[in-house]
There are 2 protein chains.
Amino acid sequence: MPPVAARILFAAASLSCLLAQPRYSADGQLTLPADYREWTFLSSGLGMTYSAHMRDSPAFTNVFVNPAAYRSFIASGKWPDKTMLVLEIRASASKGSINQGGSYQSDVLAVEAEVKDSAKFPDNAWAFFAFGKSSAGTLVPRTEDCYACHAEHAAVDNTFVQFYPVLLEIAKQKGTLTGNR
Amino acid sequence: MPPVAARILFAAASLSCLLAQPRYSADGQLTLPADYREWTFLSSGLGMTYSAHMRDSPAFTNVFVNPAAYRSFIASGKWPDKTMLVLEIRASASKGSINQGGSYQSDVLAVEAEVKDSAKFPDNAWAFFAFGKSSAGTLVPRTEDCYACHAEHAAVDNTFVQFYPVLLEIAKQKGTLTGNR
């Protein structure tokens with residue numbers, strides 16, 4: 001076990017996870033949560049694409065959610081207000097060290113986020129932000145395809161729970177699956 | 001934000017993460033931590049293999065570590081005693097819902113764990129356990145190849161940090177990289 005001081009620091013960091021909610025700059029940019037890598041992991045894909053054409057350099061896509069929203073989903077099959085999902089896109093590598101085939105993750109290529117914030121976005125609580133490699137995320141315009149596609153095809157409340165196996169089971173149990181999946 | 005009762009439950013759950021350490025049954029089996037999916041995610045691979053032959057059905061490999069050990073590594077580049085890494089092996093799927101290419105994760109195929117427990121294993125603090133689909137993990141015999149391979153090729157203290165990009169940067173900064181990588 002770590003010493004007492006480390007436990008206190010750990011408890012404080014856990015508390016910051018508990019209190020995580022979307023924070024915006026004065027000009028409306030979303031601040032990338034510094035600790036999103038310690039949020040709850042939902043799943044990872046490799047080279048996922050809407051089109052039949054495979055990319056030459058498939059990327060890994062890791063999805064994290066703030067822990068309080070995760071626990072709420074496990075209990076109810078629904079996302080609470082202030083839910084934040086972070087999509088981390090990483091390059092893939094293949095041959096390295098003892099690995100001779102398949103793919104593992106390397107550098108961050110870009111980060112995106114989807115937040116549910118009914119006070120900030122009263123018309124449609126969900127909004128998308130693109131960070132690139134910055135810590136400030138720009139709101140994706142409402143005219144972009146991602147909004148319509150999530151609204152129509154996402155398994156639960158604008159989120160692609162069909163690709164998050166743990167949550168998919170919960171949504172089935174709780175009867176919260178929706179959308180033209 | 002969740003109501004007060006939810007916050008209390010959340011704080012209790014966070015505390016259980018803080019206190020996570022290896023627990024064994026009377027016959028020496030390792031108990032699978034019920035909340036390992038809420039531990040800190042290190043990385044994920046797809047179809048990673050030691051041999052040049054690709055598998056027909058590549059599997060995803062998600063690695064989680066207990067949060068206290070993660071924070072300790074971030075601070076020092078080293079693993080503390082009672083570190084637990086959980087390897088979750090999941091089947092991959094490709095065409096489903098809106099996805100037309102690449103791979104996403106589906107059912108759990110097996111779970112394995114690597115623990116550092118100097119009181120339990122005084123000769124070599126690290127030990128491997130195989131759970132299959134059970135919640136009880138059987139100690140992998142010391143004669144198995146995994147012990148020698150981790151000892152020789154792991155980037156930091158018997159763990160393949162070369163495949164965990166966030167930790168790899170930390171280990172470089174802290175000068176804790178070792179092994180014939």
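In the predicted model, buried residues account for 49% of the 181 residues of chain A. The accessible surface of this chain amounts to about 8300 Å², and carbon and sulfur atoms contribute 56% of that area. Among the contacts in chain A with a separation of 6 or more, 48% join residues 24 or more positions apart. Chain A carries 16 positive and 16 negative side chains, with a distance of 8 Å between the centres of the two sets.

The secondary structure of chain A consists of four helices and seven strands, arranged along the sequence in the order α-β-β-β-α-β-β-β-β-α-α. The radius of gyration of chain A is 17 Å, close to the 16 Å given by the globule rule for 181 residues, so the chain is as compact as a globular protein of that length. Along the principal axes, the C-alpha atoms of chain A occupy a box of roughly 50 × 45 × 40 Å.

Chain B is superposed on chain A by a rotation of 180° with 0.0 Å of shift along the axis, at an RMSD of 0.0 Å. This is the relation of a two-fold axis. Of the interface residues of chain B, 98% are also interface residues in chain A, so the copies meet through the same surface.

Helix α4 of chain B, spanning residues 165-174, contains the buried residues B:Pro165, B:Leu167, B:Leu168, B:Ile170 and B:Ala171. An α-helix has 3.6 residues a turn, so residues three or four places apart point the same way. The buried residues of α4(B) pack against elements of both chains: β4 (84-93) and β5 (101-116) of chain A, and β2 (40-49) and α2 (67-76) of chain B. Just after α4(B), B:Gly175 adopts a positive phi of about 70°.

Most residues other than glycine have a negative phi.

Note on methods
Residues numbered from 1 in each chain as written. Chains lettered and ligands numbered in written order. Predicted model: local features only at pLDDT ≥ 70, side-chain atom pairs only at ≥ 80, totals over all residues. Heavy atoms only, no water. Helix = DSSP H or I, 4+ residues; strand = E, 2+ residues; numbered from the N terminus. Rg over C-alpha atoms; globule rule 2.2 N^0.38 Å. Buried < 20%, exposed > 50% of the residue type's maximum accessible area, 1.4 Å probe, protein only. Contact = heavy atoms within 4.5 Å. Areas by Shrake-Rupley, 256 points an atom, 1.4 Å probe, with all protein chains shown as cover. Lys, Arg positive; Asp, Glu negative; His and termini not counted. Charge placed at Lys NZ, Arg CZ, Asp CG, Glu CD. Least-squares fit on C-alpha atoms with pLDDT ≥ 70 in both.
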